[in-house]
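Here are my notes on the model you asked about. Please read them with the structure open.

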Amino acid sequence: MSGHHHQAAEGGDRRIGWAVVVNVLLTVAQIIGGIFSGSLSLIADALHNFSDAASLLIAFGARRIARRPADEAMTFGYVRAEIVAALINYTTLIIIGLYLLYESVMRFIEPEPIEGWIVVVVAGVALLIDVVTAMLTYAMSKNSMNIRAAFLHNVADALGSVGVIIAGSLVLIYDWNWIDPAITLLIAGYILWQAFSEIGGSIRILMMGSPVGIDVRALVSDMQAVEGVEGVHHVHVWALDEGHNALEAHLMVKGSSLVEVAHIRRRVHLMLKERHDVEHSTIEMETEGSSCDPGSNVIGHEISGSA
């Protein structure tokens, strides 16, 4: 890793570290405020904020692991540690959202009195810290699914704090205690919508799905159109991580010499990189008499089930 990249990575780690510290302190303050005020929405916001701290801690650890070089155990390296961290964080968002739905419904059934002033003051402080935390991670979230998951935790928590402030204000002004679980329902709904809309990306990468934005059939067509290529089969396209796509395929070629076959391979590699953003491609070249079964799948391999 170059000195510039190393310094940038260390700077990012420091920002995440500070974000973890302030979120842990905020969580403690919100729980205390929620207990004394009797506000479910404030405790809900505290739980979500605790998940923010946990998500940032997971993101921090994943960043450190992802920078490890490839070895005998992980020949592709550890870059997918950040994808695993994103999946964990989105999953915790879903669990928290479902829990808050349950608690808000129970609070509608059995209402409890709320101290509005405590709610407003604590939630106001929480909103300020949520904004600061989001600012610490915003730049990194643009290029990292891992950090984006943690960032979205914070955005949802900031909106939750706004909702809590509104709830506390309405309790003070109109004595509407029912607004507290109602706001909690909205917070839970937003958390669930956000988590379900984002979790698919991490699952797709871990399941080795084709990268979003790559038309595999168009890619195969372009490979077949390269001069010297007679057929394409056993094509696999996947994302190593968010920024690096990979491919493996078998090409049937009509080259009569190793030099001609090498030129065809080079043309295919260049086309894949320029047209389809595939930088890492492994291509097996086949000639007449050395090809696979003529009935081979164009995309993927046929996998037979075990007895």
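**Notes on the predicted model**

1. The protein has a mean pLDDT of 80, with 87% of its residues at 70 or more; pLDDT is the predictor's confidence in each residue, from 0 to 100. Because this is a predicted model, local features need pLDDT of at least 70 and side-chain atom pairs count only at pLDDT 80 or more, while totals for chains, interfaces and linings use all residues. Residues are numbered from 1 along each chain as its sequence is written, and side-chain values use heavy atoms, without hydrogens and water.

2. Among the elements (DSSP runs numbered from the N terminus: helices are H or I, at least four residues; strands are E, at least two), the lowest mean pLDDT, 69, belongs to helix 1 (residues 3-37), and the highest, 94, to helix 7 (residues 216-225). Over residues 1-8 pLDDT stays under 50, and the model has two contacts for them beyond four places in sequence. A contact means heavy atoms within 4.5 Å.

3. Helix 6 (residues 179-206) has a kink of about 25 degrees centred on Ile 199. The bend is the angle between axes fitted to the seven residues ending at a residue and the seven starting there. Just after helix 6, Met 208 has a positive phi of about 60 degrees.

4. Three strands make an open sheet, ordered 1-2-3, with mixed pairing. Strand 1 (229-241) and strand 3 (280-286) are the edges, each pairing on one side only. Strands pair if DSSP finds at least two bridges between them. Strand 2 (residues 244-253) runs parallel to strand 3 over seven bridges; Ala 249 has Ile 283 of strand 3 as its bridge partner.

Notes:
Expected span 1.5 Å × (residues − 1).
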